[in-house]
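Open the model in your viewer and keep the selection panel at hand. The stops below say what to select and what is there.

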Amino acid sequence: MRMKLKNFFGAVLTLLGMISLIYAAVMFANSTSGTHEVKASVIFAVLGLIFFGSGIGLIRTIGEKNTPE
């Protein structure tokens, strides 16, 4: 049960990271050289990278524990 919860949480973090990265790319592409818009897109990109990296790392460590040697 615990492994399924961690796997689910890793998938949710990864999905949130991907959504945040896509949103940051769209915001950056539609920005009109406004400092506020660029700052917001950079913040979304950094948060997206953090969520995506932690989600992938969590899924990877769970997968390594479940594989037989």
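**Tour stops**

Start with valine 38, which is found in helix α2; helices (H or I, at least four residues) are DSSP runs, numbered from the N terminus. This is a predicted model, in which local features need pLDDT of at least 70, side-chain atom pairs count only at pLDDT 80 or more, and totals for chains, interfaces and linings use all residues. Residues are numbered from 1 along each chain as its sequence is written, and side-chain values use heavy atoms, with hydrogens and water left out.

Valine 38 has a relative accessible area of 29% and is therefore partly exposed, a class between buried (under 20%) and exposed (over 50%), with a 1.4 Å probe and protein chains only.

Next, select tyrosine 23 and phenylalanine 44. They form an aromatic pair, 4.9 Å centre to centre with 85° between the planes, which is edge-to-face (ring centres within 6.5 Å; planes over 60 degrees apart). Tyrosine 23 lies in helix α1 and phenylalanine 44 in helix α2, 21 residues apart. Tyrosine 23 is partly exposed at 43%, as is phenylalanine 44 at 32%.

Last, select Leu5, Phe8, Val12, Leu16, Val42, Ile43, Val46, Leu47, Ile50 and Phe51, a nonpolar surface patch with about 890 Å² of accessible area together. Helix α2 gives the most, with 6 residues. Phenylalanine 51, found in α2, is partly exposed at 31% relative accessibility; patch members need over 30% and no salt bridge, with nonpolar side chains joined within 5 Å. A salt bridge is a Lys or Arg side-chain nitrogen within 4 Å of an Asp or Glu carboxyl oxygen.

Definitions and conventions: Patches are made of residues with over 30% relative accessible area and no salt bridge: like charges are joined within 9 Å, nonpolar side chains (Val, Leu, Ile, Met, Phe, Trp, Tyr) within 5 Å. Accessible areas come from the Shrake-Rupley method with a 1.4 Å probe; for residues, only the protein chains shown count as cover. Helices (H or I, at least four residues) and strands (E, at least two) are DSSP runs, numbered from the N terminus. Rings of Phe, Tyr and Trp (its six-membered ring) pair if their centres lie within 6.5 Å; planes under 30 degrees apart count as stacked, over 60 as edge-to-face and the rest as tilted.
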